[in-house]
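Thank you for giving me a few minutes this morning.

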Amino acid sequence: MKAIVAHQYGGPEVLKLEEIPQPEAKEDEILVRVIAAGVNPVDAAARSQKFGQFLHIKLPAIPGYDIAGIVEKAGAKITKFKPGDPVYAYIALDKGGGYAQYAVATEKEAAAKPQSLTYVEAAAVPLVAETAWQALIDTARLSAGQTVLIHGGSGGVGSFAIQIAKARGAKVMATASTANQDLLKQLGADVAIDYTKQKFEDVAKDVDVVLDSVGKDTLARSYGVVKKGGFIVSIVGRPDPTQLEKHGIHGASISVEPNSSELAEIGRLIDEKKIKVIVSQTFPVAEAAKAQEQIATRHTRGKIVLKVAEEPK
Ligand SMILES: NC(=O)c1ccc[n+]([C@@H]2O[C@H](COP(=O)([O-])OP(=O)(O)OC[C@H]3O[C@@H](n4cnc5c(N)ncnc54)[C@H](OP(=O)(O)O)[C@@H]3O)[C@@H](O)[C@H]2O)c1
């Protein structure tokens, strides 16, 4: 099969398109014919080993944690899927393998592809939508009537976080730059904040939950906008225990884990038209390096997806 392979850590130039053997599905895995693969900031971070041991990948490595495709083979212990089933999956960070014509996933990682989406759209969903779900629902326990401030609302995680929060019945405030104010509104944000023109803390006050996908100064300035007893969940940094205590609030840092029941629930919300998927750019898989350069800018609108094969008719 054709796959993007990195034989060394480094810049985007280490990514090469090669002919290599297909992976084999173990008894608890499905072999998926990949139609599209999602691109995430972590793909570039893993390639450059930006986080050192925290995200150590073995070489040679095939990047990519998000796939959408068709089940080619199902291992002996697989009960949920059979050959021919359309699926999408977030493959765990210690495995990857998505930028390839074939990839393997477990039942914990995969769910039925939402019927209303193309494969390109489906590949844009798993990692970021599960992150938003695990941050807002599992960790911060966001509930109807609460107010949430979502930093980076126009990006991969943020675009799903806004919609998941709205589907929960929360009031949503979200930040992005000027060019993405329209997108925040289109996604359902009640209050769109242009971080290039306004300080978010001048607009957002007494919120129940903050979802931080930006970190550093943005996280540092977020403690003061949360009401007593509220929650800051960061996906890029560790909330400071001293600040949390000073403001009488809770905080957590999370790392997304594959969760197929959550992915199936997200798929239902998509098919019910409660969540839409924003794909701003696609690249042929051979141009994976360009896609990773783009994702590393930290200014992606919605998602970037690699096309690995033609969409089936
Ligand atoms: N812990 C985990 O499990 C986990 C999971 C997924 C992602 N992450 C991390 O979370 C971060 C976001 O991921 P992503 O996939 O959503 O990235 P992304 O698609 O690149 O989106 C980043 C978004 O942040 C916005 N942004 C940049 N600077 C900002 C600022 N100062 N204030 C507010 N918004 C700002 C950008 O909007 P503008 O272009 O309008 O500025 C862009 O839409 C990445 O660092 C990623 O590695 C962590």
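This is a predicted model: local features need pLDDT of at least 70, side-chain atom pairs count only at pLDDT 80 or more; totals for chains, interfaces and linings use all residues.

Let me begin with Arg298, which is exposed because 10 other C-beta atoms lie within 10 Å; here a residue is called exposed at 12 or fewer such atoms, buried at 20 or more, and partly exposed in between, with C-beta atoms placed from the backbone. Arg298 has a positive phi of about 65° although it is not a glycine, and its place is in the loop between α10 (288-295) and β15 (303-307), where helices (H or I, at least four residues) and strands (E, at least two) are DSSP runs numbered from the N terminus.

Residues are numbered from 1 along each chain as its sequence is written.

Asp206, in the loop between α6 (200-203) and β11 (207-212), also has a positive phi, near 55°. A cis peptide bond, with omega about -10°, joins Leu59 and Pro60.

Turning to the whole chain, an automatic or database assignment divides it into domain 1 (2-125 + 278-307) and domain 2 (128-253), whose centres, taken over C-alpha atoms, are 28 Å apart.

Of the 29 residues around it, Gly152, Gly155, Gly156, Ser177 and His299 come nearest, a residue being counted when its C-beta atom, placed from the backbone, lies within 6 Å.
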